[in-house]
Amino acid sequence: MRVVLAEDSVLLRAGLTKLLRDGGFDVVAAVADADQLLTAVDTHRPDVVVVDVRMPPTHTDEGIRAALVIRRQYPKIAVCVLSQYVEESYATDLLSVDTSGVGYLLKDRVARVSDFLDALRRVAAGGTALDPEVVAQLLVRRRDDPMRRLTPREQEVLKLMAEGRSNNGITEALKVSHSAVEKYVSNIFAKLDLPPTDTDHRRVLAVLKYLGA
Amino acid sequence: MTPVRALASPWAWQATFHVVAGMFLSVTTGAVICSAAVLWWAAVLSLAEGPTGSWMLRVLYVVVAVVVPLAVPSCVRFFSALQRERFRALLGVDIAAPKYGPGTGWRRSVRLWTASGMWRQLVYHLLAPLLGGLGGVAVVLCWAAPLLAALWSESMSGPRGLLAFGGATVLLFAAPWLARGVAAADTAAARRLLGRDHAEELAERVESLARSRADLVAAEDTQRRRIERDLHDGVQQRLVSLALNLGMARAASTDRSPQDAAVIAAAHEDATAALAELRDFVRGLHPAVLNDRGLDAALSGVAARASLPVQLNVHIGQRCSPSIEAIAYFAVSEALTNIAKHAEASRAEIAAQRVGDRLIIAVTDDGRGGASVDSTGTGLQGLAQRAAAVDGRLTVVSPPGGPTTITVDLPCE
């Protein structure tokens, strides 16, 4: 799997490159700012882009803006954004284009090597990987909406769905039976007024409702 | 100081120069102002009684009657500046000029008449020729007394001559003190009549205090931002790198002894914990998103980080100034920390809205109540001070048994 990496810190760029290579990714370019990133993406057409948020010149949200450009211009390229801080408003921007093939994680998560590589593979395969912290931030902004109808357990399940986990993943995370998870999921669909059509489609809709996108 | 030494002392001569210079200057300026007044009065009287003579004369009367009142304030202003310069150069006494309103042309002349201090300055310029002039003459006579006595002594002899010399000596020795007295009286009058009045000085002071206070608040804001940036670019990157390397070592440790693996695992946990702690600390300090996207976006992070469920309702629209946003952010952050520590609450709600040019933030919890701004160790006092530093207000409504609402009301600019 081919990766383009954008990270302005030399130290982390080297560390991440090594991590990705050890994890079986093919790092075709490792660059230091958003302009170089866009050039590299245009040249290499990677499967996935890993990008830092704060980069030169202004050190604010260059990474997010570059990610949005990439998502609009190359819908097939998955984007995983890494940052020291995750922000709900950046997440909303990222998810506004499309909720598939997108990840937004705290940089700390890279230290959990296998978890991070799993998340990256999930994103590259068209899934989502949202940091639990950003999900928590999205949750505090819910107002009067169907979300209120969900029980705390169902909210927890929905949160894990938003993080991009499958039913198996949720079963594992919550340490409950597979049938219990299926029941929670169907309850969520019912409470969010999602018609019983294609399950995966409903799953995305539920997450979208949850994220308010 | 002995009288002899006083004669040669710098202060005596300084005062004398000042008084003599003042005598000439005051008499000149007084004369100009009086002449202008007489000229104007004559012109007005002539016009009132019906002027005789050629039409050119009538035009001249009208011109004088109109131009003099317009010119006098500028003239007075110029004379006052000269006098203040005399005090500054010869006595080292700084007298601040009163403030004049803006405006140009005749509007300015009219406004000058109503400006604060114009009449006071006029009084000084009319008084100075009398006091300063007479005082100056007296000082000059005292210094010159022995010379005068010597000139006159030719016509005097015996006891009268001796008396004249004795008197002249006394006057000479009195000269330094007389000069100083006249200079002091002149200074007192000038301070009162040429300087600013009390209200003006207070207004100026309030203005400068408000400015320096705003500067302080902004400086603190800048400082926090700088610290955040330094931590982000330095320590945090290094810690991530450290945690990453330890994570890779941990993942690769297949053929290590259990002890080594345990040490690596512990180091890895410590590094990630340190990262999380540092991130929490910086979040409370000044998150970058606050500058970048404003209070609305930044509050999500602080609400999500709270140890209890928080509901967030923000309706801000147009952003406030960075200092205000920083204070508001900090207030919410502190309020939530307080709730977690003291309130025994099960949930909290943040409502932030902009009403006109005020930013009003209410943080409510369903805890045990009984909080007050004065209770020590709660951080509420510090919040109240911060709010007050930008002319804002913090109020706490917290009956025993709750609920508690902390309201911060801040001006947006």
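## Basis of the model

Helices (H or I, at least four residues) and strands (E, at least two) are taken here as DSSP runs, numbered from the N terminus. This is a predicted model, in which local features need pLDDT of at least 70 and side-chain atom pairs count only at pLDDT 80 or more, while totals for chains, interfaces and linings use all residues. Residues are numbered from 1 along each chain as its sequence is written, chains are lettered from A and ligands numbered from 1 in the order in which they are written, and side-chain values use heavy atoms, with hydrogens and water left out.

## A strand residue in chain A

V50(A) belongs to strand β3 of chain A, which covers residues 48-52. With a relative accessibility of 1%, V50(A) counts as buried (buried means under 20% relative accessible area, exposed over 50% and partly exposed in between, with a 1.4 Å probe and protein chains only). When neighbours within four places in sequence are left aside, V50(A) is in contact (heavy atoms within 4.5 Å) with V3(A), V4(A), L5(A), A6(A), C80(A), L82(A) and L120(A).

## Cavities

The structure holds two cavities of 30 Å³ or more. A cavity is a set of points, on a 1 Å grid over the protein atoms alone, where a 1.4 Å probe fits but cannot get out, and its lining residues have an atom within 4 Å of a point; grid points are joined across faces, edges and corners, and a volume is the space filled by probe spheres set on the points. The largest cavity has a volume of about 120 Å³ and is lined by 13 residues, of which R54(A), Y85(A), Y90(A), A288(B) and V289(B) lie nearest its centre. Helix α9 of chain B (residues 288-293) supplies the largest share of this lining, with three residues. The lining of the largest cavity divides into six nonpolar, three polar and four charged residues, where Ala, Val, Leu, Ile, Met, Phe, Trp, Tyr, Cys and Pro count as nonpolar, Asp, Glu, Lys and Arg as charged, and the others, Gly among them, as polar.

The second largest cavity, with a volume of about 40 Å³, has a lining that includes H18(B), M23(B), R86(B), G132(B) and D186(B). Two or more residues of that lining come from each of α2 (10-49) and α6 (158-194) of chain B, and α2(B) gives the most, with five residues. By class, the lining of the second largest cavity holds four nonpolar, four polar and two charged residues.

## Aromatic pairs and charges over rings

Over all chains, a search of the whole structure finds four aromatic pairs; rings of Phe, Tyr and Trp (its six-membered ring) pair if their centres lie within 6.5 Å, and planes under 30 degrees apart count as stacked, over 60 as edge-to-face and the rest as tilted. One of these pairs, W11(B) with W177(B), is edge-to-face, at 5.8 Å centre to centre and 65 degrees between the planes. Because W11(B) lies in helix α2 of chain B and W177(B) in helix α6 of chain B, the pair ties together parts that are 166 residues apart in sequence. W13(B) and W143(B) form a stacked pair, at 4.5 Å centre to centre and 25 degrees between the planes, and this pair links helix α2 of chain B to helix α5 (residues 118-152) of chain B, its two members being 130 residues apart. W13(B) is partly exposed at 38% relative accessibility, whereas W143(B) is buried at 16%.

A charge sits over a ring if NZ of Lys or CZ of Arg is within 6 Å of the ring centre and within 35 degrees of the ring normal. R180(B) lies over the face of W11(B), at 4.2 Å from the ring centre, and R86(B) lies over the face of F87(B), at 4.8 Å from the ring centre.

Methods:
1 Å grid on protein atoms, 1.4 Å probe; cavity = no way out; pocket = protein on both sides within 12 Å on 5 of 7 lines; lining within 4 Å.
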